[in-house]
Amino acid sequence: MSRSTDSAPAPAETESTSAETTASETDVGTSASGEANADATDAEAPLLAARNISKYYDQSEGFLDDLIGDARPVRAVDGVDLEVRRGETLAVVGESGCGKSTLGRTLLNLESVTGGHIEYRGEDITGLSGSAMQPYRRDLQMVFQDPLASLNPRQTVGEILKAPMEVHGIGESDEERTERVRELLGLVGLKEGHLDRYPRQFSGGQQQRVGVARALTLSPELIVADEPVSALDVSVQAQILDLLDDLQTELDLALCFVTHDLSVVRHVADRVAVMYLGEIIETAPVEELFANPRHPYTKSLLSAVPRIDPAARTDRTVLEGTVPSPADPPSGCRFHTRCPAVIPPAEWAGTQAEFKSAFTFRNRVLGEEIDPEAIRTRLSAESAATDNDAVATRITERFVPDTDAQLPANARKAIENAAARLANGETEAAKTTVTEAFPSPCEDETPRDTPTEGGHVACHRVDPEMPGDPDVL
Ligand code: SF4
(Lines give C-alpha, C1' and ligand atoms only; values in the text may rest on other atoms or scores of the structure.)
Protein backbone atom coordinates (compact mmCIF):
# COMPACT_ATOMS: atom_id res chain seq x y z
CA MET A 1 0.00 0.00 0.00
CA SER A 2 1.07 3.56 -0.44
CA ARG A 3 1.24 4.23 3.30
CA SER A 4 3.65 2.37 5.46
CA THR A 5 3.31 1.93 9.18
CA ASP A 6 4.98 0.15 12.00
CA SER A 7 1.98 0.29 14.22
CA ALA A 8 -0.21 -2.60 15.22
CA PRO A 9 -3.56 -3.03 13.49
CA ALA A 10 -6.27 -0.62 14.55
CA PRO A 11 -8.49 -1.87 17.34
CA ALA A 12 -11.89 -3.23 16.50
CA GLU A 13 -14.70 -0.90 17.43
CA THR A 14 -16.58 -1.19 20.71
CA GLU A 15 -15.68 -4.64 21.97
CA SER A 16 -12.00 -4.82 21.23
CA THR A 17 -9.62 -2.56 23.10
CA SER A 18 -6.38 -2.95 21.22
CA ALA A 19 -4.45 -5.26 19.00
CA GLU A 20 -3.20 -7.37 21.85
CA THR A 21 -0.97 -9.52 19.73
CA THR A 22 0.98 -8.27 16.77
CA ALA A 23 2.12 -11.39 15.02
CA SER A 24 4.94 -11.50 12.55
CA GLU A 25 4.70 -13.37 9.29
CA THR A 26 6.28 -16.41 10.85
CA ASP A 27 3.80 -16.23 13.70
CA VAL A 28 0.96 -17.04 11.36
CA GLY A 29 2.94 -19.41 9.23
CA THR A 30 4.18 -19.27 5.68
CA SER A 31 2.71 -21.42 2.96
CA ALA A 32 4.88 -24.18 1.57
CA SER A 33 4.54 -23.11 -2.01
CA GLY A 34 5.31 -19.51 -1.03
CA GLU A 35 8.56 -20.48 0.72
CA ALA A 36 9.65 -22.77 -2.02
CA ASN A 37 9.40 -20.14 -4.69
CA ALA A 38 10.05 -16.86 -2.90
CA ASP A 39 13.77 -16.68 -3.52
CA ALA A 40 13.41 -17.43 -7.16
CA THR A 41 10.76 -14.82 -7.70
CA ASP A 42 11.74 -11.57 -9.29
CA ALA A 43 10.20 -8.76 -7.24
CA GLU A 44 9.00 -7.15 -10.44
CA ALA A 45 7.53 -10.35 -11.86
CA PRO A 46 3.76 -10.62 -11.53
CA LEU A 47 2.50 -12.81 -8.75
CA LEU A 48 -0.83 -13.19 -10.48
CA ALA A 49 -1.49 -12.37 -14.10
CA ALA A 50 -4.65 -12.31 -16.17
CA ARG A 51 -3.93 -12.83 -19.85
CA ASN A 52 -6.74 -11.64 -22.07
CA ILE A 53 -9.38 -13.17 -19.80
CA SER A 54 -13.09 -13.03 -20.48
CA LYS A 55 -16.09 -14.10 -18.47
CA TYR A 56 -19.43 -14.32 -20.24
CA TYR A 57 -22.72 -15.36 -18.66
CA ASP A 58 -25.28 -17.13 -20.77
CA GLN A 59 -28.63 -15.47 -20.10
CA SER A 60 -30.76 -17.56 -22.45
CA GLU A 61 -33.65 -19.25 -20.75
CA GLY A 62 -34.14 -22.01 -23.23
CA PHE A 63 -34.84 -22.99 -26.78
CA LEU A 64 -37.11 -20.03 -27.57
CA ASP A 65 -34.48 -17.48 -26.62
CA ASP A 66 -31.97 -19.30 -28.79
CA LEU A 67 -34.46 -19.40 -31.66
CA ILE A 68 -35.36 -15.71 -31.65
CA GLY A 69 -31.79 -14.67 -31.07
CA ASP A 70 -32.34 -13.06 -27.69
CA ALA A 71 -29.64 -15.06 -26.01
CA ARG A 72 -26.68 -12.74 -26.12
CA PRO A 73 -24.30 -13.51 -23.29
CA VAL A 74 -23.55 -10.87 -20.68
CA ARG A 75 -19.91 -9.94 -21.24
CA ALA A 76 -19.03 -9.18 -17.65
CA VAL A 77 -15.27 -9.33 -18.26
CA ASP A 78 -13.98 -8.95 -21.78
CA GLY A 79 -10.35 -9.29 -22.81
CA VAL A 80 -8.69 -8.14 -19.60
CA ASP A 81 -4.92 -8.13 -19.13
CA LEU A 82 -3.88 -7.41 -15.56
CA GLU A 83 -0.94 -8.15 -13.29
CA VAL A 84 -0.67 -8.10 -9.50
CA ARG A 85 2.89 -7.90 -8.17
CA ARG A 86 4.32 -9.15 -4.92
CA GLY A 87 3.54 -6.93 -1.95
CA GLU A 88 1.58 -4.31 -3.86
CA THR A 89 -1.98 -3.12 -3.57
CA LEU A 90 -3.70 -2.93 -6.89
CA ALA A 91 -7.11 -1.24 -6.84
CA VAL A 92 -9.66 -2.20 -9.47
CA VAL A 93 -12.14 0.67 -9.74
CA GLY A 94 -15.36 1.16 -11.64
CA GLU A 95 -19.08 1.81 -11.44
CA SER A 96 -21.51 -0.77 -10.20
CA GLY A 97 -22.01 -3.44 -12.85
CA CYS A 98 -18.74 -2.81 -14.69
CA GLY A 99 -17.52 -6.37 -14.04
CA LYS A 100 -14.94 -5.66 -11.36
CA SER A 101 -16.31 -8.14 -8.80
CA THR A 102 -16.56 -10.82 -11.46
CA LEU A 103 -12.97 -10.07 -12.40
CA GLY A 104 -11.90 -10.46 -8.77
CA ARG A 105 -13.56 -13.86 -8.43
CA THR A 106 -12.26 -14.97 -11.80
CA LEU A 107 -8.69 -14.06 -10.86
CA LEU A 108 -8.94 -16.55 -8.01
CA ASN A 109 -10.57 -19.27 -10.11
CA LEU A 110 -13.71 -18.95 -8.03
CA GLU A 111 -15.38 -18.53 -11.41
CA SER A 112 -14.20 -20.25 -14.57
CA VAL A 113 -13.06 -18.02 -17.39
CA THR A 114 -14.76 -18.05 -20.78
CA GLY A 115 -11.47 -17.27 -22.49
CA GLY A 116 -7.86 -16.39 -21.73
CA HIS A 117 -5.47 -17.57 -19.05
CA ILE A 118 -4.66 -16.94 -15.40
CA GLU A 119 -1.10 -17.42 -14.23
CA TYR A 120 0.11 -17.66 -10.66
CA ARG A 121 3.87 -17.37 -10.30
CA GLY A 122 4.10 -18.08 -13.99
CA GLU A 123 2.09 -21.30 -13.78
CA ASP A 124 -1.13 -21.57 -15.74
CA ILE A 125 -3.91 -22.21 -13.23
CA THR A 126 -6.77 -21.56 -15.64
CA GLY A 127 -9.74 -23.79 -14.99
CA LEU A 128 -8.19 -25.65 -12.07
CA SER A 129 -10.71 -26.66 -9.44
CA GLY A 130 -11.05 -28.98 -6.48
CA SER A 131 -7.91 -30.88 -5.55
CA ALA A 132 -5.94 -29.46 -8.49
CA MET A 133 -6.54 -25.93 -7.21
CA GLN A 134 -6.00 -26.75 -3.54
CA PRO A 135 -2.22 -26.10 -3.44
CA TYR A 136 -2.79 -22.66 -4.92
CA ARG A 137 -5.86 -21.92 -2.79
CA ARG A 138 -3.58 -21.53 0.22
CA ASP A 139 -1.86 -18.64 -1.48
CA LEU A 140 -4.92 -17.00 -3.05
CA GLN A 141 -7.66 -15.85 -0.73
CA MET A 142 -10.67 -13.54 -0.77
CA VAL A 143 -12.38 -11.07 1.53
CA PHE A 144 -16.04 -10.61 0.62
CA GLN A 145 -18.23 -7.51 0.57
CA ASP A 146 -20.85 -8.80 3.00
CA PRO A 147 -18.97 -10.32 5.93
CA LEU A 148 -22.02 -11.81 7.62
CA ALA A 149 -23.22 -13.55 4.47
CA SER A 150 -19.75 -15.02 3.94
CA LEU A 151 -19.47 -16.52 7.46
CA ASN A 152 -21.22 -19.72 8.50
CA PRO A 153 -23.81 -18.59 11.06
CA ARG A 154 -23.80 -22.00 12.77
CA GLN A 155 -20.06 -21.98 13.48
CA THR A 156 -18.18 -20.07 16.13
CA VAL A 157 -15.36 -17.81 15.04
CA GLY A 158 -12.93 -20.43 16.29
CA GLU A 159 -14.53 -23.11 14.13
CA ILE A 160 -14.67 -20.78 11.11
CA LEU A 161 -10.97 -20.00 11.35
CA LYS A 162 -9.88 -23.57 12.05
CA ALA A 163 -11.84 -25.11 9.17
CA PRO A 164 -9.42 -24.07 6.37
CA MET A 165 -6.47 -25.31 8.45
CA GLU A 166 -8.12 -28.69 8.83
CA VAL A 167 -8.79 -28.90 5.09
CA HIS A 168 -5.18 -28.02 4.27
CA GLY A 169 -3.64 -30.13 7.04
CA ILE A 170 -2.15 -27.20 8.92
CA GLY A 171 -1.32 -27.81 12.58
CA GLU A 172 -0.54 -31.08 14.31
CA SER A 173 -3.44 -30.91 16.73
CA ASP A 174 -6.58 -29.01 17.57
CA GLU A 175 -4.65 -27.17 20.30
CA GLU A 176 -2.08 -26.03 17.78
CA ARG A 177 -4.78 -24.79 15.44
CA THR A 178 -6.56 -23.04 18.31
CA GLU A 179 -3.32 -21.30 19.18
CA ARG A 180 -3.02 -20.15 15.58
CA VAL A 181 -6.58 -18.82 15.73
CA ARG A 182 -5.69 -16.80 18.84
CA GLU A 183 -2.77 -15.27 16.94
CA LEU A 184 -5.02 -14.42 14.02
CA LEU A 185 -7.60 -12.76 16.25
CA GLY A 186 -4.88 -10.62 17.76
CA LEU A 187 -3.56 -9.83 14.32
CA VAL A 188 -6.91 -8.40 13.19
CA GLY A 189 -7.55 -6.55 16.43
CA LEU A 190 -10.03 -8.97 18.01
CA LYS A 191 -9.79 -10.59 21.45
CA GLU A 192 -9.10 -14.15 22.39
CA GLY A 193 -12.48 -14.14 24.11
CA HIS A 194 -14.17 -13.72 20.73
CA LEU A 195 -13.16 -17.23 19.77
CA ASP A 196 -16.38 -18.87 20.99
CA ARG A 197 -18.79 -16.28 19.65
CA TYR A 198 -21.00 -16.62 16.59
CA PRO A 199 -20.81 -14.15 13.67
CA ARG A 200 -24.17 -12.53 14.47
CA GLN A 201 -22.84 -11.54 17.90
CA PHE A 202 -20.37 -9.13 16.30
CA SER A 203 -20.77 -5.67 14.82
CA GLY A 204 -20.34 -5.24 11.08
CA GLY A 205 -16.76 -4.06 11.43
CA GLN A 206 -15.88 -6.96 13.69
CA GLN A 207 -17.48 -9.40 11.26
CA GLN A 208 -15.27 -8.04 8.53
CA ARG A 209 -12.24 -8.46 10.82
CA VAL A 210 -13.24 -12.11 11.12
CA GLY A 211 -13.49 -12.24 7.33
CA VAL A 212 -9.97 -10.82 7.06
CA ALA A 213 -8.69 -13.29 9.68
CA ARG A 214 -10.19 -16.16 7.73
CA ALA A 215 -8.47 -14.97 4.56
CA LEU A 216 -5.18 -14.89 6.50
CA THR A 217 -5.63 -18.35 8.01
CA LEU A 218 -3.58 -20.07 5.33
CA SER A 219 -0.93 -17.34 5.14
CA PRO A 220 -1.75 -16.31 1.57
CA GLU A 221 0.45 -14.46 -0.86
CA LEU A 222 -2.45 -12.53 -2.35
CA ILE A 223 -5.89 -11.47 -1.17
CA VAL A 224 -8.66 -10.17 -3.39
CA ALA A 225 -10.82 -7.85 -1.25
CA ASP A 226 -14.15 -7.25 -2.97
CA GLU A 227 -15.67 -3.98 -1.73
CA PRO A 228 -14.55 -4.89 1.80
CA VAL A 229 -15.85 -1.69 3.40
CA SER A 230 -18.85 -0.70 1.30
CA ALA A 231 -21.32 -2.51 3.60
CA LEU A 232 -19.91 -0.81 6.71
CA ASP A 233 -20.59 2.48 8.47
CA VAL A 234 -18.28 5.27 7.40
CA SER A 235 -16.64 5.40 10.83
CA VAL A 236 -15.84 1.69 10.66
CA GLN A 237 -14.64 1.80 7.06
CA ALA A 238 -11.49 3.68 8.06
CA GLN A 239 -10.68 1.08 10.71
CA ILE A 240 -10.93 -1.80 8.26
CA LEU A 241 -8.88 0.08 5.67
CA ASP A 242 -6.22 0.77 8.29
CA LEU A 243 -6.27 -2.89 9.27
CA LEU A 244 -5.76 -4.04 5.67
CA ASP A 245 -3.06 -1.43 5.24
CA ASP A 246 -1.18 -2.56 8.33
CA LEU A 247 -1.50 -6.25 7.52
CA GLN A 248 -0.44 -5.73 3.92
CA THR A 249 2.72 -3.99 5.05
CA GLU A 250 3.44 -6.33 7.92
CA LEU A 251 2.89 -9.56 6.01
CA ASP A 252 4.12 -8.33 2.61
CA LEU A 253 0.81 -9.34 1.09
CA ALA A 254 -0.33 -8.55 -2.39
CA LEU A 255 -3.81 -7.05 -2.32
CA CYS A 256 -6.24 -6.68 -5.17
CA PHE A 257 -8.71 -4.15 -3.83
CA VAL A 258 -11.99 -4.05 -5.75
CA THR A 259 -14.04 -0.91 -5.17
CA HIS A 260 -16.41 1.62 -6.71
CA ASP A 261 -15.02 4.35 -4.45
CA LEU A 262 -12.07 6.28 -5.86
CA SER A 263 -11.73 8.31 -2.69
CA VAL A 264 -10.82 5.11 -0.85
CA VAL A 265 -8.30 4.14 -3.49
CA ARG A 266 -5.98 7.04 -2.87
CA HIS A 267 -5.33 5.84 0.68
CA VAL A 268 -4.85 2.16 0.02
CA ALA A 269 -3.49 1.55 -3.47
CA ASP A 270 -0.09 1.54 -5.10
CA ARG A 271 -1.53 1.12 -8.57
CA VAL A 272 -5.01 1.54 -9.99
CA ALA A 273 -6.82 -0.21 -12.83
CA VAL A 274 -9.98 1.57 -14.01
CA MET A 275 -12.69 -0.66 -15.45
CA TYR A 276 -15.59 0.23 -17.72
CA LEU A 277 -18.13 -2.21 -19.15
CA GLY A 278 -15.93 -5.29 -18.76
CA GLU A 279 -12.68 -3.73 -19.95
CA ILE A 280 -9.66 -2.16 -18.25
CA ILE A 281 -9.44 1.30 -19.80
CA GLU A 282 -6.58 2.81 -17.78
CA THR A 283 -3.87 1.70 -15.37
CA ALA A 284 -1.43 3.95 -13.52
CA PRO A 285 0.44 4.36 -10.24
CA VAL A 286 -2.02 5.90 -7.80
CA GLU A 287 -0.32 9.29 -7.52
CA GLU A 288 0.02 9.55 -11.29
CA LEU A 289 -3.63 8.65 -11.79
CA PHE A 290 -4.82 11.33 -9.38
CA ALA A 291 -2.40 13.95 -10.69
CA ASN A 292 -2.66 13.22 -14.39
CA PRO A 293 -5.63 11.05 -15.38
CA ARG A 294 -5.62 10.39 -19.10
CA HIS A 295 -8.86 8.60 -19.93
CA PRO A 296 -12.03 10.74 -20.06
CA TYR A 297 -13.86 8.17 -17.92
CA THR A 298 -11.15 8.31 -15.25
CA LYS A 299 -11.32 12.10 -15.35
CA SER A 300 -15.07 12.03 -14.82
CA LEU A 301 -14.74 9.62 -11.89
CA LEU A 302 -12.03 11.78 -10.33
CA SER A 303 -14.08 14.94 -10.78
CA ALA A 304 -16.63 13.44 -8.38
CA VAL A 305 -14.07 12.74 -5.63
CA PRO A 306 -14.23 15.34 -2.85
CA ARG A 307 -10.93 17.22 -2.45
CA ILE A 308 -9.85 19.09 0.64
CA ASP A 309 -7.31 21.14 -1.30
CA PRO A 310 -9.29 23.89 -3.11
CA ALA A 311 -6.59 24.12 -5.78
CA ALA A 312 -7.07 20.47 -6.62
CA ARG A 313 -10.81 20.75 -7.09
CA THR A 314 -12.18 20.53 -10.60
CA ASP A 315 -15.62 21.07 -12.06
CA ARG A 316 -17.55 17.89 -11.80
CA THR A 317 -18.06 16.10 -15.12
CA VAL A 318 -21.51 14.58 -15.14
CA LEU A 319 -21.74 11.73 -17.60
CA GLU A 320 -24.73 11.72 -19.93
CA GLY A 321 -26.80 8.62 -20.45
CA THR A 322 -26.94 5.28 -18.73
CA VAL A 323 -24.33 2.54 -18.68
CA PRO A 324 -25.00 0.38 -21.77
CA SER A 325 -25.90 -3.28 -21.40
CA PRO A 326 -22.88 -5.59 -21.12
CA ALA A 327 -24.89 -7.99 -23.30
CA ASP A 328 -24.74 -5.46 -26.14
CA PRO A 329 -21.79 -3.14 -25.56
CA PRO A 330 -21.27 -0.21 -27.96
CA SER A 331 -18.95 -0.69 -30.92
CA GLY A 332 -15.45 0.75 -31.02
CA CYS A 333 -14.73 2.46 -27.71
CA ARG A 334 -17.39 1.23 -25.31
CA PHE A 335 -17.43 4.59 -23.57
CA HIS A 336 -18.28 6.55 -26.72
CA THR A 337 -22.01 6.81 -25.93
CA ARG A 338 -21.22 8.76 -22.74
CA CYS A 339 -17.81 10.27 -23.38
CA PRO A 340 -17.59 14.07 -23.09
CA ALA A 341 -14.47 13.98 -25.26
CA VAL A 342 -15.89 11.82 -28.07
CA ILE A 343 -13.98 12.75 -31.22
CA PRO A 344 -15.84 14.64 -33.98
CA PRO A 345 -15.37 13.77 -37.65
CA ALA A 346 -12.60 15.67 -39.44
CA GLU A 347 -15.07 17.96 -41.19
CA TRP A 348 -16.82 19.08 -37.98
CA ALA A 349 -16.93 22.91 -37.97
CA GLY A 350 -18.13 23.48 -34.41
CA THR A 351 -16.62 23.12 -30.97
CA GLN A 352 -16.16 19.95 -28.92
CA ALA A 353 -19.06 20.91 -26.65
CA GLU A 354 -21.31 21.43 -29.67
CA PHE A 355 -20.37 18.07 -31.11
CA LYS A 356 -21.00 16.41 -27.77
CA SER A 357 -24.46 18.00 -27.68
CA ALA A 358 -25.30 16.74 -31.18
CA PHE A 359 -23.79 13.32 -30.46
CA THR A 360 -25.85 12.96 -27.30
CA PHE A 361 -29.00 13.73 -29.31
CA ARG A 362 -27.88 11.10 -31.84
CA ASN A 363 -27.48 8.50 -29.10
CA ARG A 364 -30.92 9.30 -27.70
CA VAL A 365 -32.44 8.76 -31.13
CA LEU A 366 -30.52 5.50 -31.61
CA GLY A 367 -31.51 4.34 -28.13
CA GLU A 368 -35.17 5.25 -28.83
CA GLU A 369 -35.17 7.39 -25.69
CA ILE A 370 -37.28 10.15 -27.29
CA ASP A 371 -41.01 9.45 -27.25
CA PRO A 372 -42.80 11.77 -29.72
CA GLU A 373 -46.26 10.64 -28.61
CA ALA A 374 -45.48 11.50 -25.01
CA ILE A 375 -44.38 14.93 -26.22
CA ARG A 376 -47.62 15.29 -28.21
CA THR A 377 -49.62 14.45 -25.09
CA ARG A 378 -47.68 17.04 -23.13
CA LEU A 379 -48.33 19.70 -25.77
CA SER A 380 -52.03 18.87 -25.63
CA ALA A 381 -52.03 19.26 -21.86
CA GLU A 382 -50.48 22.69 -22.38
CA SER A 383 -53.24 23.53 -24.90
CA ALA A 384 -50.54 24.00 -27.55
CA ALA A 385 -50.55 22.81 -31.16
CA THR A 386 -50.00 19.05 -31.45
CA ASP A 387 -49.25 18.58 -35.17
CA ASN A 388 -46.01 16.97 -36.29
CA ASP A 389 -44.24 20.29 -36.80
CA ALA A 390 -45.02 21.28 -33.21
CA VAL A 391 -43.79 17.94 -31.91
CA ALA A 392 -40.58 18.19 -33.94
CA THR A 393 -39.97 21.73 -32.68
CA ARG A 394 -40.48 20.65 -29.09
CA ILE A 395 -38.04 17.74 -29.60
CA THR A 396 -35.27 20.04 -30.78
CA GLU A 397 -36.02 22.64 -28.09
CA ARG A 398 -36.04 20.00 -25.41
CA PHE A 399 -33.08 17.86 -26.44
CA VAL A 400 -30.74 20.29 -28.25
CA PRO A 401 -31.60 23.78 -26.99
CA ASP A 402 -29.85 26.71 -28.65
CA THR A 403 -28.70 27.86 -25.24
CA ASP A 404 -26.65 24.65 -24.92
CA ALA A 405 -25.10 24.54 -28.34
CA GLN A 406 -24.94 27.07 -31.16
CA LEU A 407 -24.56 24.27 -33.66
CA PRO A 408 -23.16 24.72 -37.16
CA ALA A 409 -26.03 25.24 -39.59
CA ASN A 410 -25.74 21.83 -41.28
CA ALA A 411 -25.75 20.07 -37.89
CA ARG A 412 -28.82 22.01 -36.75
CA LYS A 413 -30.52 21.10 -40.01
CA ALA A 414 -29.75 17.39 -39.53
CA ILE A 415 -31.22 17.48 -36.01
CA GLU A 416 -34.36 19.21 -37.25
CA ASN A 417 -34.72 16.59 -39.99
CA ALA A 418 -34.32 13.77 -37.49
CA ALA A 419 -36.84 15.39 -35.15
CA ALA A 420 -39.34 15.74 -37.99
CA ARG A 421 -38.93 12.08 -38.86
CA LEU A 422 -39.45 11.07 -35.24
CA ALA A 423 -42.61 13.16 -35.12
CA ASN A 424 -43.81 11.42 -38.31
CA GLY A 425 -43.22 8.04 -36.71
CA GLU A 426 -40.26 7.30 -39.00
CA THR A 427 -37.92 6.09 -36.28
CA GLU A 428 -35.54 4.13 -38.50
CA ALA A 429 -35.19 7.04 -40.93
CA ALA A 430 -34.41 9.34 -37.98
CA LYS A 431 -31.71 6.93 -36.85
CA THR A 432 -30.17 6.93 -40.32
CA THR A 433 -30.18 10.73 -40.39
CA VAL A 434 -28.32 11.17 -37.11
CA THR A 435 -25.91 8.30 -37.81
CA GLU A 436 -24.88 9.86 -41.13
CA ALA A 437 -24.77 13.40 -39.74
CA PHE A 438 -22.77 12.70 -36.58
CA PRO A 439 -20.22 9.91 -37.05
CA SER A 440 -17.18 9.50 -34.81
CA PRO A 441 -13.98 7.48 -35.12
CA CYS A 442 -14.63 6.48 -31.50
CA GLU A 443 -17.52 4.26 -32.54
CA ASP A 444 -15.67 2.65 -35.43
CA GLU A 445 -12.37 1.57 -33.93
CA THR A 446 -11.50 -0.06 -30.64
CA PRO A 447 -8.83 2.05 -28.91
CA ARG A 448 -5.40 0.49 -28.54
CA ASP A 449 -3.55 0.39 -25.24
CA THR A 450 -1.16 3.33 -25.33
CA PRO A 451 1.73 3.23 -22.81
CA THR A 452 1.69 6.05 -20.26
CA GLU A 453 3.71 6.95 -17.15
CA GLY A 454 3.77 3.58 -15.35
CA GLY A 455 0.66 2.22 -17.01
CA HIS A 456 -1.46 2.41 -20.11
CA VAL A 457 -4.66 3.97 -21.38
CA ALA A 458 -7.13 2.88 -24.05
CA CYS A 459 -8.35 6.09 -25.67
CA HIS A 460 -7.94 7.37 -29.20
CA ARG A 461 -7.15 10.85 -27.92
CA VAL A 462 -4.01 9.53 -26.23
CA ASP A 463 -2.97 7.44 -29.23
CA PRO A 464 -0.55 9.55 -31.32
CA GLU A 465 -1.70 7.77 -34.47
CA MET A 466 -5.34 8.77 -34.01
CA PRO A 467 -7.03 12.18 -34.44
CA GLY A 468 -8.12 14.23 -31.45
CA ASP A 469 -6.50 16.67 -29.04
CA PRO A 470 -5.44 14.71 -25.91
CA ASP A 471 -6.07 17.75 -23.68
CA VAL A 472 -9.61 18.46 -24.77
CA LEU A 473 -10.99 17.85 -21.26
S1 SF4 B 1 -11.74 6.71 -27.57
FE2 SF4 B 1 -13.16 8.40 -27.92
S3 SF4 B 1 -15.02 7.85 -26.85
FE4 SF4 B 1 -13.39 6.55 -26.08
S5 SF4 B 1 -12.66 7.58 -24.28
FE6 SF4 B 1 -11.36 8.22 -25.96
S7 SF4 B 1 -12.30 10.09 -26.76
FE8 SF4 B 1 -13.81 9.07 -25.45
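1. Two residues are taken to be in contact if their C-beta atoms, placed from the backbone, lie within 7 Å. On that basis helix α8 (residues 204-216) lies across β6 and β7, and its direction makes an angle of about 175 degrees with that of β6. The model is a predicted one.

2. β6 and β7 belong to an open sheet of eight strands with mixed pairing, in the order β6-β7-β8-β3-β9-β10-β12-β11. The edges are formed by β6 (140-143) and β11 (449-452), each of which pairs on one side only. On average, and with direction ignored, neighbouring strands of this sheet are turned by 25 degrees against each other.

3. Leu222 has Ala254 in β8 as its bridge partner. Helix α3 (residues 100-107) lies across β7 and β8, and also across β3 (89-93) and β9 (271-276). The angle between α3 and β8 is about 155 degrees.

4. A further open sheet has four strands, ordered β2-β1-β4-β5, and its pairing is antiparallel. Here β2 (74-85) and β5 are the edge strands, pairing on one side only. β1 and β2 are joined by eight bridges, and Pro46 has Arg85 in β2 as its bridge partner.

5. On its other pairing, β1 (residues 46-57) meets β4 (residues 115-120) over five bridges, in the antiparallel sense. Ala50 is placed opposite Ile118 of β4. β4 then pairs with β5 (residues 123-124) over two bridges, again antiparallel, with Tyr120 opposite Glu123 in β5. The β4 and β5 hairpin has two residues between the strands, and Arg121 takes a positive phi near 50 degrees there.

6. Turning to helix pairs, α15 (residues 388-399) packs with α16 (residues 409-423) at an angle of about 130 degrees, the axes being 8 Å apart. Because of that angle, α15 counts as oblique to α16. Their crossing is right-handed. From α15 the contact involves Asn388, Val391, Ala392, Ile395 and Thr396; from α16 it involves Ile415, Glu416, Ala419, Ala420, Leu422 and Ala423. By class, the residues of this contact are eight nonpolar, two polar and one charged.

7. Another helix pair is α13 (residues 352-366) and α17 (residues 427-437), whose axes come within 9 Å and cross at roughly 150 degrees. α13 is therefore roughly antiparallel to α17. The crossing of α13 with α17 is left-handed. Phe361, Arg362, Val365 and Leu366 of α13 meet Ala430, Lys431 and Val434 of α17. This contact of α13 with α17 has five nonpolar residues, no polar ones and two charged.

8. Which residues come nearest to the ligand? Of the 14 residues around the ligand, these are Cys333, His336, Cys339, Cys442 and Cys459. The shell around the ligand divides into ten nonpolar residues, three polar and one charged.

Key. Residues numbered from 1 in each chain as written. Predicted model: local features only at pLDDT ≥ 70, side-chain atom pairs only at ≥ 80, totals over all residues. Near = placed C-beta within 6 Å. Nonpolar A, V, L, I, M, F, W, Y, C, P; charged D, E, K, R; others polar. Pairing = 2+ DSSP bridges. Axes fitted to C-alpha atoms, helices over the stretch in contact; angles between N-to-C directions. Parallel < 35°, antiparallel > 145°, perpendicular 65-115°, else oblique. Left-handed = near helix turned anticlockwise from the far one by under 90°.
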